Amino acid sequence: MDEVERNFLTVGTLNRYLSAKFVHDPYLKQVSLTGEIFGYKISSGSAYFELRDEDESSIRAYVSPTILRGFPFDFKSGDKVNLVADVRLYGKRAYASLFIFSMQPAGLGELYLKLAELKNKLTKEGIFNRPTKELNYFPKKIAVITSKTGAVIHDISSTIGHRNPNLKIELFESSVQGDSAVKELVSAVKKADQSDADAIIIARGGGSMLDLWPFNDEQLVRLLSSLSKPVISSIGHETDVTLTDLAADYRVETPTAAANKVTPAILDYRNNLDQLTALMSVDIKQLLQKNLNRFEYLANSPALKSFDQVFFNHEQKLQNLNLRLANSFAGEFQKNIQQFANLTAKLDALSPLKVLDRGFSLTFKGDRLIKNAQQLKEKDHIKILFAKGSALAEIKEISDDRRI
């Protein structure tokens, strides 16, 4: 091998050398570029396109899935963008490509500044910290503010129709982008708040920052924060956050989620009711079987099987008790009769009538029994009571002599 031959390089070696130069060159890192997207496509979660300028110069560009998911905007061919990227040399064909870190629509810097200033102003005023209005758990009507065309109203209507067919939907039509959008949105919000709806949904699909800009309008945001009805906001995609979202009582990711938020799932309640009914039926059957088993146990118990014998035994005991009671009563009665006779005899023996039978008499002056002759005087009239009969007499003489 001669000297000349040793100086030749392979294409691969050259490409690897150039790639290393790209990697280590500080001027090819964090390059800020502006241009127009051409041939925008997404494959396997990554974005691929060419960035062109007015003189038709172009360079390939690549956005990884992780970076792409963090973008607050949706991009398409024809969009003018500002981006920051590393310049790298790719593949065996050695073409330069942009490895993008951040990207936004061109000309939005001033809009971002205005949005930040307005958000800060309204935050200090407490617009975004108003008390949350509670949703009616079983609403009768929902007001929806969106365009009458497009997927938003269809998604909301189909979701509510599936979850609760009895819930009414009233559409307050409005443009959701463009010059007339703010005026129409404000008018629709006022009408919705004056309606008999239980809650308000304000929604639109995804779009660029310019498409969603009407929902950052100060007049609309202040109006939403002052409504008497609860408001559910679903503007753009999950990564899009407008001032309308912040002013609403509830912010959800999609129109379908908004419909779910305000709608009790009747089918879910029915399923729960069916489950509870089934559980109650099982409990009742188990309780019934338990009592049935107890009844059978008692029915087969010796006491119930020999009920006649048990009854006879108790009847015999009752008869014996009655006989004992009768005997006891008769004996006690006879004893009391004898005691009564004895007492009567004693009383009779002490009776004054018995004394009269022995030849004595009782002398009365008026109603007073005379026990002493000194109680009388001559010519007193007295009554003498004998064992048989009585006599009236007049006192002729009174003497202290007790001899007969």
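**A walk through the model**

Modeller: Serine 44 sits in the loop between strand S1 (31–43) and strand S2 (46–52). Helices (H or I, at least four residues) and strands (E, at least two) are DSSP runs, numbered from the N terminus. This is a predicted model, where local features need pLDDT of at least 70, side-chain atom pairs count only at pLDDT 80 or more, and totals for chains, interfaces and linings use all residues. Residues are numbered from 1 along each chain as its sequence is written, and side-chain values use heavy atoms, with hydrogens and water left out.

Biologist: What is phi of serine 44 near?

Modeller: Near 55 degrees, which is a positive value in a residue other than glycine.

Biologist: And is serine 44 buried or exposed?

Modeller: Exposed, at a relative accessible area of 74%. Buried means under 20% relative accessible area, exposed over 50%, and partly exposed in between (1.4 Å probe, protein chains only).

Biologist: OK, whole chain now. How many helices and strands?

Modeller: There are 14 helices and 14 strands. The chain has 404 residues, and buried ones make up 29% of them. Its accessible surface is about 27,600 Å², with 56% belonging to carbon and sulfur atoms; that comes from the Shrake-Rupley method with a 1.4 Å probe, and for residues only the protein chains shown count as cover.

Biologist: Among contacts between residues at least 6 apart in sequence, what share joins residues at least 24 apart?

Modeller: 60% of them. Contact means heavy atoms within 4.5 Å.

Biologist: Show me one spot. What does tyrosine 62 touch, leaving aside neighbours within four places in sequence?

Modeller: Ser46, Ala47, Tyr48, Ser97, Leu98, Phe99 and Ile100. Tyrosine 62 itself is in strand S3 (residues 58–63).

Biologist: Switching to S6. Why is strand S6 largely enclosed?

Modeller: Six of the six residues of S6 (residues 141–146) are buried, so the rest of the structure largely encloses the strand. Lys141, Ala143 and Ile145 point one way, while Ile142, Val144 and Thr146 point the other, and all are buried.

Biologist: Which strands does S6 pair with?

Modeller: One is strand S7 (residues 168–173), running parallel to S6 and joined to it by six bridges. Another is strand S8 (residues 199–204), also in the parallel sense, over four bridges. Two strands pair if DSSP finds at least two bridges between them.

Biologist: Which residues stand opposite isoleucine 145 and isoleucine 142?

Modeller: Isoleucine 145 faces phenylalanine 172 in S7, and isoleucine 142 faces alanine 199 in S8.

Biologist: What do S6, helix H5 and S7 make?

Modeller: A right-handed β-α-β unit, with H5 covering residues 151–163. Right-handed here means that, with the strands pointing away from the viewer, the path from the first strand over the helix to the second runs clockwise.

Biologist: Now the open sheet of four strands. What's the order?

Modeller: S12-S11-S13-S14, with antiparallel pairing. The edge strands are S12 (368–369) and S14 (390–394), each of which pairs on one side only.

Biologist: How many bridges between the pairs?

Modeller: S13 (residues 381–385) and S14 have five. S11 (residues 362–365) and S13 have three, and S11 and S12 have two.

Biologist: What about phi of glycine 366 in the hairpin of S11 and S12?

Modeller: Glycine 366 takes a positive phi near 70 degrees, and that hairpin has two residues between the strands. Lysine 379, in the loop between S12 and S13, also has phi near 70 degrees, a positive value in a residue other than glycine. Lysine 379 is exposed, with a relative accessible area of 63%.
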